[in-house]
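Here's a quick briefing for anyone opening this structure for the first time. Have a look at the picture, then read on.

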Amino acid sequence: MSRNGRARRTPDCTAAGPRPRGRSRAGADRAERVERAEGCERQRAEGAGQAFVIGVLTDAADFERARAWRLSDAPDFEHYLRETAELLADARDRFDTVRARMFHPQDFAEFCLLHGLDPAEPAARDRYLVNPPLQTQLLAYQGEELAGDFVPRLVRARENGLTLRHADLLLDGGLYGERDEAVRAAYERGAEVFRRMLLGAGCGAYELRLAVDAPGGRLAAAARVLQWEDGVVRINDEDLELLCAVFCAGLARELPGLAVLHGAQGSAAACGEYRPTAWAWASEGRVWAPAAGPVRLDGVAAEPGYRLETVC
């Protein structure tokens, strides 16, 4: 929810929200947006890669709280979502890349207080949306239904982004900066642990839950995974990034952790046979191995998993 702004490397057009209608101020705002969009189109014609970035209020309570900042002229949250969906659809026709993140009122208020900004000013929204430490909360929008799947993903992306920021701090900026050899090796080991967990499980629909005890609070990650008979895996990119980062932080800093993979093992190709499964692994900081006994993580009970070194 902001106006025109620029990210660090590529010029970004950031939008304050759906186009208001029916009032003189709305007409002026619309004209300003058209002018800004035309400017962005001219930049793209000159060869600059363009991205449209928008912040989205994700529930009615946040919408009401943001009224004082004049982010939208929509009469209620339902109208706001419809108009935002229209704006996103229009942006996909105009720009090379369309990205969005959750516009969290509390985060925004704290950001403005920290930087001495007036939250009612469009420039404050610009800075909030393209603030480099929050870039991990951005998702690419590819035409998904806004209220159905995309809004919940935006909420998770904010939570994931906070965890990624925590993991990056534990790694002294090594997650997104220049990785030293130890961090690079830990990241590769973590990705390999995850791969072996999935490979050993076989085809099915699963959820992996991961928790690592870290200074400053627990690092937690969760991801839903579909694995087909031919080994193809379906997982949201942002969830995969989070899992690998938490595995990496745990291994690099030798922190204890627990992982549970649960769901339905099997496929329709096997005559529709599905078997409920729940496996658990634990780490003392260096190696992930089957849990010593039955465990429970975030309400999910699981038995010790298979030995990962036996999975190729």
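**Around Thr 277**

Leaving aside residues up to four places away in sequence, Thr 277 touches Tyr 206, Leu 261, His 262, Gly 263 and Gln 265 (contact means heavy atoms within 4.5 Å). Keep in mind that this is a predicted model, where local features need pLDDT of at least 70, side-chain atom pairs count only at pLDDT 80 or more, and totals for chains, interfaces and linings use all residues. Numbering starts from 1 along each chain as its sequence is written, and side-chain values use heavy atoms, with hydrogens and water left out.

- Thr 277 sits in strand 9 (helices, H or I with at least four residues, and strands, E with at least two, are DSSP runs numbered from the N terminus).
- Thr 277 counts as buried because its relative accessibility is 14% (buried is under 20% relative accessible area, exposed over 50%, partly exposed in between, with a 1.4 Å probe and protein chains only).

**Strands that pair up**

- Strand 9 (residues 273–283) runs parallel to strand 12 (residues 300–304), and two bridges join them (strands pair if DSSP finds at least two bridges between them).
- Trp 279 has Glu 303 in strand 12 as its bridge partner.
- Strand 12 also pairs with strand 11 (residues 295–297), this time antiparallel, over three bridges.
- Arg 296 has Ala 301 in strand 12 as its bridge partner.
- The hairpin of strand 11 and strand 12 has two residues between the strands, and Asp 298 there takes a positive phi near 50°.

**A helix tucked inside**

- Helix 5 (residues 122–129) is largely enclosed by the rest of the structure, because six of its eight residues are buried.
- Those buried residues are Pro 122, Ala 124, Arg 125, Asp 126, Tyr 128 and Leu 129.
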